[in-house]
Structures are given as structure tokens and as C-alpha cells.
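I am opening a notebook on a structure that is new to me. I will write down what I look up, entry by entry.

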Amino acid sequence: MNNVLPVIALVGRPNVGKSTLFNRLTRTRDALVADQPGVTRDRHYGFAIHDSRRYIVIDTGGIGQDDEDIDAQAFAQTTAALEEADVVLLVTDSRQGLMPGDRIIAEQLRRMQQPVHVVVNKSEGQVGVSATAEFHALALGDPWAVSATHGDRINALLAQVFADLPEPRAQSTAYHGDAIRIALLGRPNAGKSTLVNRFLGETRMLTQDAPGTTRDAVASEFYFDDKPYVIVDTAGVRRRTRIDDFVEKLSVVKAMQAAEQAQVVIIMLDAVSGLSSQDQRLLSLAVERGRATLLVVNKWDGLDNKQREKLHADLVKRMGAFDYLPLLFISALHGSGLRELLDAVQASHKAAFAELNTSQLSRELEAAVEAHAPPAIHGRRIKLRFAHQGGRNPPSIVIHGNQTQRLSDEYKRYLMRRFRERFNLFGTPIQLFFKNSE
Ligand code: GDP
Ligand code: GDP
């Protein structure tokens, strides 16, 4: 596989510690980074960093089990997730020892192309080879004793995993250097290719694929008002469910790869079907990755005024913590709302790359604290002294003070709102970092 981000999949029996390991891997971002408050993290897919290399983690446990047809779905989706992985970690439990279920999974994994590492979890306090000895019987190489809860030997495991992976593919530089790179995501039939065709002009037809082939991401460059854009339409994955019956399903991993390479993510949904759980998942993943993100409702022409009002109210309500992201209504087919859409792309891109002046940041922090001081903890005030910018895309703000680890999520949200309004940072997530000077 030749992905921009390598994909690591975790498989194993229930209760061996896959989701604990998933959480540990996806939280190894800089300890200073405040989690995006109010955003529910995806339980199965996450971005992670090891030694400044980004990657994607999939926890296959429970994938598909939110759906109705539990067993068949879960199995098919786990298989699909494994197919998308560059490396598989077979997680086992040192306390239980080698179990028949481990052998069954190992048997399946041996038939796959990807490298597999056996991870013997819950090995805290156990030294030497004793913890892993019996797992050699899986014939998948030397087992790794780790502890997901304590973090023991996880970095050494990752170092080994990454040593075996090919270098990531470089991003394409074939486009105009100033072009804003847009990832267009959404369920099949939302109207993505119709929109791209609109932007390219009616005369240019995109290549149509033969049924049954896996369409990949299609990148197109276009100009609008003399400004260059590159838009990548990430197609779904087509799978044969029954003979001659192909369903197209958006691959979450492909969507994450596209978001990685984009500067602005557009999540397009169909006005008639509304916001699906898949759309919400894409929204939170794009924000988790720190991308400027727009929610675009297509096929607006298909609704009457009453339906429009209802959908609009519903979306505003359900966007909740994402209320700083633009919500646009278009008709790709009739070409309405496209200028507004690209204006919002420009504005979000500008916000994502904003330069924030240090003294203005500190003044805003001071004003925020003056208007609403952080609550005292055990009689001691949390002090926030000054702020400066930590980075761009997304904008990050470093706040110096003391006892900042005691700040509530609610207070962090308040600070974010103040900074967002003061510096017009709409359309992009922002990150707050805290540093204690005591
Ligand atoms: P999953 O079903 O494979 O996703 O397993 P979970 O991550 O939900 O973990 C199952 C149980 O094992 C939980 O009670 C975890 O706290 C516990 N657990 C996970 N990792 C470790 C570990 O490294 N050491 C110990 N002692 N317990 C662990
Ligand atoms: P994709 O799978 O997301 O690329 O979706 P397509 O662009 O292939 O569009 C799916 C269907 O929706 C096609 O029949 C389009 O003609 C139709 N469609 C796309 N945009 C609109 C729109 O704005 N209004 C209406 N009524 N139909 C649309």
C-alpha cells in the first residue's frame, strides 16, 4: 500500500486491551495539547504520532457492531479494515496466556500480505521472555510484551513497527503553489462529482469507471475568480456483497488520508437524507486532525421552504460543538451557492493560517480573565499570565500560567471562544497549549 499516512490496525479477542492501546496511541500527541473540548473522539479510527511521524490507528474491535446485522457485518468490516492496514498488531493478554481464539485470529492473519506483530498486553511488572514465551507458538515472529495501561515498551514496539514500514509517499507538487487544497468528502451520491464537474466547467467530463472497480481519489485543479484550487474527490470503496451486487461505501481511512493532505475539508451531505452518523464521524475526524472544515448541504433545490427551515434548524442543533464551522447550502446541479462556498473556503483557509500578534493575544487573555476569572481551586487561584502563537494550520495558542492543568474544559472553551471572536478564527479548529511557569 502506498498511503500518505501508514495505517496500523489492532485486532484481537475481546478484553485483551485493544481500546486501551488505541486510546494510548491516539493520545500520544504533545502533552501540552488540550483535547478539542466538546468533541467526541471516534472510538475506532484515530490519528496518532510516533517520533514526529503521523499515522492512523484502527481498533477493529467493535467495528460494525453499531450496525444491526451484528455478526456478519462485524466480520466483513473487520476484514475490510484489515485490508486497509499497512501493519497489523495482534493483541493478546499475558494474564490469560495463549487462548484458542488467538490461534484462530493468527491463522487468518498469516494469510494476509501485511506484516503482523504479536503484542502481549498487560505485561506490566513482568520481565524477560517468560511473559511472551508461549506466544511464539503463533508463529508470527517474536512477541512484544507491553502494557497499554502503564505505557511500558509501547515506544519500542512502535520503533520496530515503523522501521519495517516504507517511507511515506511524498505529496504531489504538480499543482499551482498557491492553490488551496480541498478534500471533498461525503457519502456516495451526495453529489461530489457533480460539484467537481461544475467547477471544472460542463464541457470536461470526469472519467467514468467501470462498475466494480475501486475508484480512487481524483484530483482536479480549477480557477474561480482567478484563484487556484485543487479539489480531491475521495470516492468510496466498492465491495461485492452478493454476486453482481456492489455497494459503495466511503472508506474512513481514505477520508482520513485525504484530510491529511488537504488544507480545507468539505463534508458534503445530501439535503434529502440529512446528516448521517458517517458524516458526523468525518466531521469529528477532520477537526481532530486540525483541518479547516465546512459542512455543505447539497441538493438544496430538492427541498421546499418548510423542509429547508426544518433541516437548517436540525443541523444547527446537531453541529453542537462545531458551531464555529460554516454551514452552507448549495445545488451542485443548478450551480447555486458555489460562490459563497468558495468564499467560505477562502475565509476558513485564511483563518487556519492566521498570524496572531503576541501582544494582542496577551491583551485578549487579560481581558478574558478580567471578565471571567478561572475559579479558585482549594482557595488557590489559577493564574494565566501571557499568550503567544504556537503554530498555524490550525492556529495554536500557548498560554503561560500556573496550575493550568486544573482549568476546566468549560473554561478552556470560554477562552477559545474569546480568541476565536477576537481574531476571527471561524471555520478552523484552534488548539490551546498550556505551560506552567512554576
Ligand atoms: P478490548 O476489548 O480489547 O478493547 O479491551 P479493553 O481495552 O476494553 O480492556 C479490557 C480490560 O483490560 C480493561 O479493564 C482494561 O483496563 C484492562 N487492560 C487493558 N490494558 C491493560 C494493561 O496493560 N494492563 C492491565 N493490567 N490491564 C489492562
Ligand atoms: P457522488 O457519488 O457524491 O459523486 O454523487 P454524484 O455527483 O454522482 O451525484 C449523485 C446524483 O445526485 C446524480 O444523479 C446527480 O445528478 C444528483 N445531484 C447532484 N447534485 C444535485 C443537486 O444539487 N440537486 C439535485 N436535485 N440532484 C443532484
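Entry 1, a loop residue. I looked up Lys-122 and found it in the loop between β5 (116-121) and β6 (144-145). This is a predicted model. Lys-122 is not a glycine, yet its phi is positive, at about 65°. Is Lys-122 buried or exposed? I count Lys-122 as buried, because 23 other C-beta atoms lie within 10 Å and the cut-off for buried is 20 or more.

Entry 3, ligand 2. Which residues come nearest to ligand 2? I noted Gly-191, Lys-192, Ser-193, Thr-194 and Leu-333, out of 15 residues around ligand 2. Helix α5 (residues 192-200) gives the most to this shell, with three residues. By type, the shell around ligand 2 holds eight polar, four nonpolar and three charged residues.

Entry 4, strand β3. I went through strand β3 (residues 53-59) and found five of its seven residues buried, so the strand is largely enclosed by the rest of the structure. Strand β1 (residues 7-11) runs parallel to β3 and is joined to it by four bridges. On that side I found Ile-8 opposite Val-57 of β3. Strand β2 (residues 45-50) pairs with β3 in the antiparallel sense, over six bridges. There Phe-47 has Ile-56 in β3 as its bridge partner. β2 and β3 make a hairpin with two residues between them, and Asp-51 in the turn has a positive phi of about 50°.

I listed the contacts of Ile-266, leaving aside neighbours within four places in sequence: Ile-182, Leu-184, Leu-185, Leu-294 and Val-296. In soluble globular proteins, nonpolar side chains tend to be buried together.

Most residues other than glycine have a negative phi, and most peptide bonds are trans. I found Asp-225 with a positive phi near 50°, in the loop between β8 (218-224) and β9 (227-233). Asp-225 counts as exposed, because it has 8 C-beta neighbours inside 10 Å. I also noted a cis peptide bond between Asn-393 and Pro-394, with omega about 0°. Pro-394 sits in the loop between β15 (383-391) and β16 (396-402).

Definitions and conventions: Residues are numbered from 1 along each chain as its sequence is written. Chains are lettered from A and ligands numbered from 1 in the order in which they are written. This is a predicted model: local features need pLDDT of at least 70, side-chain atom pairs count only at pLDDT 80 or more; totals for chains, interfaces and linings use all residues. A residue is buried if 20 or more other C-beta atoms lie within 10 Å of its own, exposed if 12 or fewer, and partly exposed in between; C-beta atoms are placed from the backbone. Two strands pair if DSSP finds at least two bridges between them. Two residues are in contact if their C-beta atoms, placed from the backbone, lie within 7 Å. A residue is near a molecule or strand if its C-beta atom, placed from the backbone, lies within 6 Å of it. Ala, Val, Leu, Ile, Met, Phe, Trp, Tyr, Cys and Pro count as nonpolar, Asp, Glu, Lys and Arg as charged, and the others, Gly among them, as polar.
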